[in-house]
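Please open the structure in the viewer and keep the selection panel at hand.

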Amino acid sequence: MLDKILRKKPSVLDGSLAERVTELKKRQIPAHVAIIMDGNGRWAKQRNLPRVAGHHEGMKTVRKITRMANELGIQALTLYAFSTENWKRPKMEIDFLMKLPGEFLSTYLPELIEQNVKVEMIGNFDKLPGHTKTAIQKAMEATKDNDGMVLNFAMNYGSRLEIAETVKEIVTLVQEGSLAITDINETLIGSHLMTAHLPEPDLLIRTSGEVRLSNFMLWQLAYAEFSFLDVLWPDFDEVCLLNSIEEFQMRNRRFGNVEGEGNV
Ligand code: V07
């Protein structure tokens with residue numbers, strides 16, 4: 001086969017993966033998948049490599065999973081890239097992490113554009129280093145008219161801070177007299193969060209065996225299905241994503257469409 005002669009990497013839709021994708025697409029695909037990409041440091045430690053080598057490998061997984069999520073027709077993929085807590089890490093590690101958006105985008109922006117992916121960000125943008133801001137801004141600008149999947153990076157993000165900022169915004173509107181206290185309800189609060197324009201995540205995936213939310217999308221995940229996996233993020237692959245979605249579909253078949261929200 002020509003592919004083999006040219007040693008071309010198989011497309012994400014080659015072979016048995018393609019068949020599984022077709023099968024999964026016959027049922028409900030989550031509109032919004034949120035992922036806590038944990039276990040990069042541990043992956044490196046297991047190989048006697050520095051932690052940053054794990055972060056770098058994790059970046060390759062981001063590319064793989066973005067492509068597969070897009071193939072599946074997921075509308076939004078939110079990835080927890082850097083939390084407000086991560087500033088406590090050693091400076092050298094932070095410096096390395098802050099270079100990853102630039103590296104990721106200089107390598108993969110053309111293929112994101114080709115795949116009609118729209119790059120967005122949630123979190124406190126202002127506190128990021130200048131070069132990180134520039135890289136992200138450039139990608140957001142270059143993909144702003146794309147209407148395919150939203151690839152949403154949570155960068156310098158913390159959910160409680162997001163909620164506190166939302167409260168401040170709403171209180172300001174009340175003080176100005178443009179909003180009545182009686183207008184404050186769940187929908188209004190949701191519409192002031194950083195994710196206001198996105199569907200609510202219906203599936204949360206966390207890798208690496210930790211079973212915690214770690215201040216990630218606390219409000220938005222109220223009704224999501226949770227998929228906690230033992231696999232480390234650099235080892236997470238297309239098959240892992242398809243497995244999580246299949247599990248989501250099985251749970252939804254049992255609970256979904258009966259009452260809608262509020263099932264326990
Ligand atoms: C980061 C790789 C994935 C595992 C988790 C930690 C390390 C991609 C980005 C990124 C962010 C914004 C953007 C484009 C790419 C990234 C950080 C860490 C801080 F517009 N991966 N990745 N950012 N890791």
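Is phenylalanine 226 buried, partly exposed or exposed? Phenylalanine 226 counts as partly exposed because its relative accessibility is 28% (buried means under 20% relative accessible area, exposed over 50%, partly exposed in between, with a 1.4 Å probe and protein chains only).

This is a predicted model, in which local features need pLDDT of at least 70, side-chain atom pairs count only at pLDDT 80 or more, and totals for chains, interfaces and linings use all residues. Residues are numbered from 1 along each chain as its sequence is written, and side-chain values use heavy atoms, without hydrogens and water.

Next, select the ligand and its surroundings. The ligand has 16 residues around it, of which His55, Leu97, Leu100, Phe104 and Phe153 come nearest (a residue is near if one of its heavy atoms lies within 4 Å). Colour α4 (51–72), α5 (91–114) and β4 (150–157), the elements that each give two or more residues to this shell (helices are DSSP runs of H or I with at least four residues, strands runs of E with at least two, numbered from the N terminus). The largest share, five residues, comes from α5.

Then select tyrosine 80 and tyrosine 157. Their ring centres are 5.9 Å apart and their planes stand at 80 degrees, so the pair is edge-to-face (rings of Phe, Tyr and Trp, the last by its six-membered ring, pair if their centres lie within 6.5 Å; planes under 30 degrees apart count as stacked, over 60 as edge-to-face and the rest as tilted). Because tyrosine 80 lies in strand β2 (residues 76–83) and tyrosine 157 in strand β4, the pair ties together parts 77 residues apart in sequence.
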